[in-house]
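Here is a model to be read residue by residue. Please look at the chain before going on.

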Amino acid sequence: ARHTATLGPFIDKFLASRTADPNFKPRTILSYQAAFKHLRGYFGETKPLRSISKGDAREWRLAASGGMRENSIRKWTAKVKTLFNAAVEHQVIETNPFDGLPATTLQVRSRDYFVTREEAAKVMAACTSLEWKLIFALARFGGLRCPSEILELRWGDILWDQDRFIVRSVKTEHHEGHETRITPLFPELKPLLEEAFDAAEAGDEFVITRTRNSSANLRTTMTKAIERAGLKPWPKLFQNLRASRATELADQYPGHVAAAWLGHSEKVARNHYWQVTDDHFEAATKSVANMLQKDAATPRKARKPQPVAPLVTAICDELRLVSSCSVAREGLEPPTKEL
């Protein structure tokens, strides 16, 4: 049976086992299916696993990379590697032919975009409902992951008396101690949440009620709101909203505090979220300009020389004494008698 294992049935068996595992979320299963769909189409359902060589694996990657971003094909490769690692574990094949192919995503900061508060205000004004304003605000000013953390937010998580709220993190819940985090009820969020709470129907559990399908494409509706605001949609639509808030918080609070509130490490924040903005450049140039202006406005007579430390003065006096002494021809030490 090990010698006759074919690609299609093994993929079905793999997906069934992952679907039954509570640690694998539906969106993760969908991402596996997307990678395996191309794999099935390239090799065929009846392709024996043992017949796939390293050369075949490289050719598949080359075919899959046509028209795709490098990081996208690397993510596909990582999932295909996982599939064939499972085949190795089940002793269907001896080695993984996809080993050696790059699967670690690259840090591409060229698609970073800082969403300013002025732009955020325009987009929120262009949103057609209170719920969509809240979705945007939770991503931009709360730094919540969209859609997972936003859709999981419940009214019971809002600690009104403490000006805080609980964020349930679907992405990190499989790590012990990272199932939830406490985030401040930022002033940009509190009025919207109060308005939404007053408009909520009796018995509503979740803050977001109408847009609850996690597989729905929220990007399409949000893109339309951005365009109605007269703006051009930025890359990584929701991730850059979260990154913008992460950058603001890092400017105002210690790095470990900003990272804890958004549910990631400082290393992840440095590599993927924190950005250099126009405000940073303006603050730097203004600071230097103010220093130069202040220095230029100070009269020369008012610029008093710094006092010399007493120890330095004493050393200089000793050096003057040494310089006035003469040394004998034979030196400081008495002459040595020759034997």
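The questions and answers below go from the whole chain to single residues.

This is a predicted model: local features need pLDDT of at least 70, side-chain atom pairs count only at pLDDT 80 or more, and totals for chains, interfaces and linings use all residues. Residues are numbered from 1 along each chain as its sequence is written, and side-chain values use heavy atoms, with hydrogens and water left out.

Reader: What share of the residues of the protein chain counts as buried?

Author: The secondary structure comes to 14 helices and 3 strands; helices (H or I, at least four residues) and strands (E, at least two) are DSSP runs, numbered from the N terminus. Buried means under 20% relative accessible area, exposed over 50%, and partly exposed in between (1.4 Å probe, protein chains only). Of the 339 residues, the buried share is 35%.

Reader: Which side chain of opposite charge is nearest to K81?

Author: K81 lies in helix α4 (residues 70–89). Lys and Arg count as positive and Asp and Glu as negative, while His and the chain ends are not counted. K81 is buried yet has no salt bridge, a salt bridge being a side-chain nitrogen of Lys or Arg within 4 Å of a carboxyl oxygen of Asp or Glu. At 4.9 Å away, the nearest side chain of opposite charge is D99.

Reader: Is K236 buried or exposed?

Author: K236 lies in the loop between α9 (218–228) and α10 (237–252). Its phi is near 45°, a positive value in a residue other than glycine. Most residues other than glycine have a negative phi. With a relative accessible area of 18%, K236 is buried.

Reader: What is the relative accessible area of D163?

Author: D163 is found in the loop between β1 (158–159) and β2 (164–168). Phi of D163 is near 55°, also a positive value in a residue other than glycine. D163 is partly exposed because its relative accessible area is 37%.

Reader: Which residue is joined to C146 by a cis peptide bond?

Author: Most peptide bonds are trans. Here omega is about 10°.

Reader: What is the relative accessible area of E118?

Author: E118 is found in helix α5 (residues 117–126). E118 is exposed, because its relative accessible area is 57%.
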